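Thanks for coming. Please have a look at it before I start.

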Amino acid sequence: EVQLQASGGGSVQVGGSLRLSCAASGFRFDDYSIGWFRQAPDKEREGVSCINLNNRRSDVSSYYRESVKGRFAMSTDVADNTVTLQMNNLQPEDTAVYYCAAVSTIFADDCTPTTWGHFAYWGQGTQVTVSS
């Protein structure tokens, strides 16, 4: 059974950092795309970042939405089955509930935004609040 559990949210001031973790179980990382999504109050959920260890094309094996490029970095620890999202220089617009999610590469073998609708497994959200 695929399970994901996110943690690490909190409250920081503008410019601060947080590190989100997603503990995964029930699947092999190289068989799935792993993504981070977020949803702010009264807004639709949006993709933040994604990584696909199975895809050898650098242009589609990872993704960061434009507003977080250079500030957020996603990494995987295959040995620990953990996905992390390091978030630096946080801004008020980053305030949201963050979710980690996974989709089998059978259904989505890259990290382009066209695959967002295929993510089938979701962890519970973790709140990130950035205050000015």
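Predicted model: local features only at pLDDT ≥ 70, side-chain atom pairs only at ≥ 80, totals over all residues.

By the rule used here, a disulfide is a pair of cysteine sulfur atoms within 2.5 Å. In general terms, a disulfide is a covalent bond between the sulfur atoms of two cysteines.

How many disulfides does a search of the whole structure find? It finds 2. One of them joins C22 and C100, with the sulfur atoms 2.1 Å apart. The torsion about their S-S bond is about 70 degrees, so this disulfide is right-handed. C22 is in strand β3, residues 18-25, and C100 is in strand β9, residues 96-104, so the pair ties together parts that are 78 residues apart in sequence. Both C22 and C100 are buried.

Next, C50 and C111. They form a disulfide with the sulfur atoms 2.0 Å apart. Here the torsion about the S-S bond is about -60 degrees, so the disulfide is left-handed. C50 sits in strand β5, residues 46-52, while C111 sits in the loop between β9 and β10, so this pair ties together parts that are 61 residues apart in sequence. Are these two cysteines buried or exposed? C50 has a relative accessible area of 1% and is buried; C111, at 1% relative accessibility, counts as buried as well. If you number the bonded cysteines of the chain in sequence order, the pairing reads 1-3, 2-4.

On to the aromatic rings. The count comes to 8 aromatic pairs. Take F37 and W122: their ring centres are 4.8 Å apart and their planes are at 55 degrees, so the pair is tilted. F37 belongs to strand β4, residues 32-39, and W122 to strand β10, so the pair ties together parts 85 residues apart in sequence. F37 counts as buried, at 3% relative accessibility, whereas W122 is partly exposed, with a relative accessible area of 28%.

Which residues make up the aromatic cluster? F37, Y63, Y99, W116, F119 and W122 form one cluster. W122 also has a charged neighbour: R45 lies over the face of its ring, at 3.9 Å from the ring centre.

Of the 7 residues of β5, 6 are buried, so the strand is largely enclosed by the rest of the structure. β5 runs antiparallel to β4, and 6 bridges join the two. Within that pairing, W36 has S49 of β5 as its bridge partner. The hairpin of β4 and β5 has 6 residues between the strands, and D42 there takes a positive phi near 65 degrees. β5 also pairs with strand β6, residues 62-64, in the antiparallel sense over 3 bridges. In this pairing C50 stands opposite Y63 in β6, and Y63 is one of the residues of the aromatic cluster.

A23 stands opposite T82 in β8. β3 is also the strand in which C22 lies.

I will stop there and take questions.

Technical notes
Residues numbered from 1 in each chain as written. Heavy atoms only, no water. Helix = DSSP H or I, 4+ residues; strand = E, 2+ residues; numbered from the N terminus. Buried < 20%, exposed > 50% of the residue type's maximum accessible area, 1.4 Å probe, protein only. Phe/Tyr/Trp six-rings, centres within 6.5 Å; stacked < 30°, edge-to-face > 60°. Lys NZ or Arg CZ within 6 Å of the ring centre and 35° of its normal. Pairing = 2+ DSSP bridges.
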